[in-house]
Amino acid sequence: MVRDLLKDGEVGRFFRGNLHCHSNRSDGLLQPDEVVGAYRDAGYDFICLSDHFEAEYGWHITDTRPLRDEHFTTIVGAELSSAPWDERDAYWVTAAGLPLDFEAPPADGHAGAIRRASERGAFVIMLHPGLNNLPLAAADGLPALDAVHAVELYNHNLAVAAHPDGANGAYMLDGLLEKGYRLLVNAGDDAHFGHPSDRFGGWVEVHCDRLDPEALLRSLKAGRYYSTQGPSFREVLLDGEQLRVETSEAYAISLTGGGDRWQSGQERTGEEGESITKAGLRSRPLPRLLRPRHRRRCRGETSMEQSDLSLTHTESDRVLRSAVRIC
Ligand SMILES: [Zn+2]
């Protein structure tokens, strides 16, 4: 039996979206309709305008519903914080899929909003852990962390602004996976339209049967999507012991697991100067790659095995990466 690890057998197509951006309803510079217009013009299919949900912005959820049309939609959401921003171990999330009357948290319990958002059906992404150098060692004490569905692996604003090292959330993602959390991967812009290149650099491609906010949320929560800075996944099929991967033109297709020195030893590259679009990777090594510490328990399931498939592509001097979780 062939298992479709990317689309889960769903009929549909990929829709491009960004789940992390701001308007002047919080600390961005453009009006909400201008943000939507910019993403629409850049070829996106949807965004979640994640304005900050904080006291200083009036605990306001930006209503983007009037900005939807036949070819572009929005997921109503916001960026929440787990604590006042100057607290050492504060973290931030996009909660995509919030009601407009979402209640403000009490002053001494910010993180309650993150838990409530998840309970009310939002897709919750931990954002830019590198922004405040959030220590992995603090993870066990972070409130509402079990409400988080995904970690932002790549934050475009940080990458192109003054803190490029902070753009990469892999240390937190990998560290939490090792601790047993089951998490998806995300890439986002964090666009504020504050400088010319803080947008269109990291996004998600969500597989769905239609362009509809609720349907997109279901696909996100089910992991029927990948995150990327450019390269595309077309198929990720598990056929017996073969993992068959089809991509846009890439320099390498590699499968990573825990503990091995190399990325599974399954990297495939073309002849010099040639790119590849396909790889047949042995799935057999997967259990070998997955050490017991990479077995995880989640919500009543006995165990899951997880690894990441990453695709790298060189374009001038920039390495682009996309990632999909396999479990
Ligand atoms: Zn943000």
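This is a predicted model: local features need pLDDT of at least 70, side-chain atom pairs count only at pLDDT 80 or more; totals for chains, interfaces and linings use all residues.
Biologist: Which strands stand at the edges of the open sheet of five strands?

Modeller: Let's read across the sheet: the order is β5-β6-β7-β8-β9, and the pairing is mixed. An edge strand has a single partner, so one side of it is left without a neighbour in the sheet. That picks out β5 (77-81) and β9 (184-188).

Biologist: Okay, in what sense do β8 and β9 pair?

Modeller: Strands of a sheet pair through backbone hydrogen bonds, either parallel or antiparallel. Strand β8 covers residues 150-155, and five bridges link it with β9. One of the pairs joins Val151 to Val185 in β9. The sense of this pairing is parallel.

Biologist: Which strands does helix α4 touch when it packs on the sheet?

Modeller: Helix α4 takes in residues 170-179, and its direction makes about 155 degrees with that of β8. Its buried residues do the packing here. The strands they pack against are β8 and β9.

Biologist: Why do the buried residues of α4 line one face of the helix?

Modeller: The buried ones are Met172, Leu173, Leu176 and Leu177. An α-helix has 3.6 residues a turn, so residues three or four places apart point the same way. Look down the axis of α4 and its buried residues line one face, because they fall within an arc of 130 degrees.

Notes
Residues are numbered from 1 along each chain as its sequence is written. Two strands pair if DSSP finds at least two bridges between them. Helices (H or I, at least four residues) and strands (E, at least two) are DSSP runs, numbered from the N terminus. Two residues are in contact if their C-beta atoms, placed from the backbone, lie within 7 Å. Axes are lines fitted to C-alpha atoms, for helices over the stretch in contact, and angles run from 0 to 180 degrees between N-to-C directions. A residue is buried if 20 or more other C-beta atoms lie within 10 Å of its own, exposed if 12 or fewer, and partly exposed in between; C-beta atoms are placed from the backbone. The arc is that of the directions from the helix axis to the C-beta atoms.
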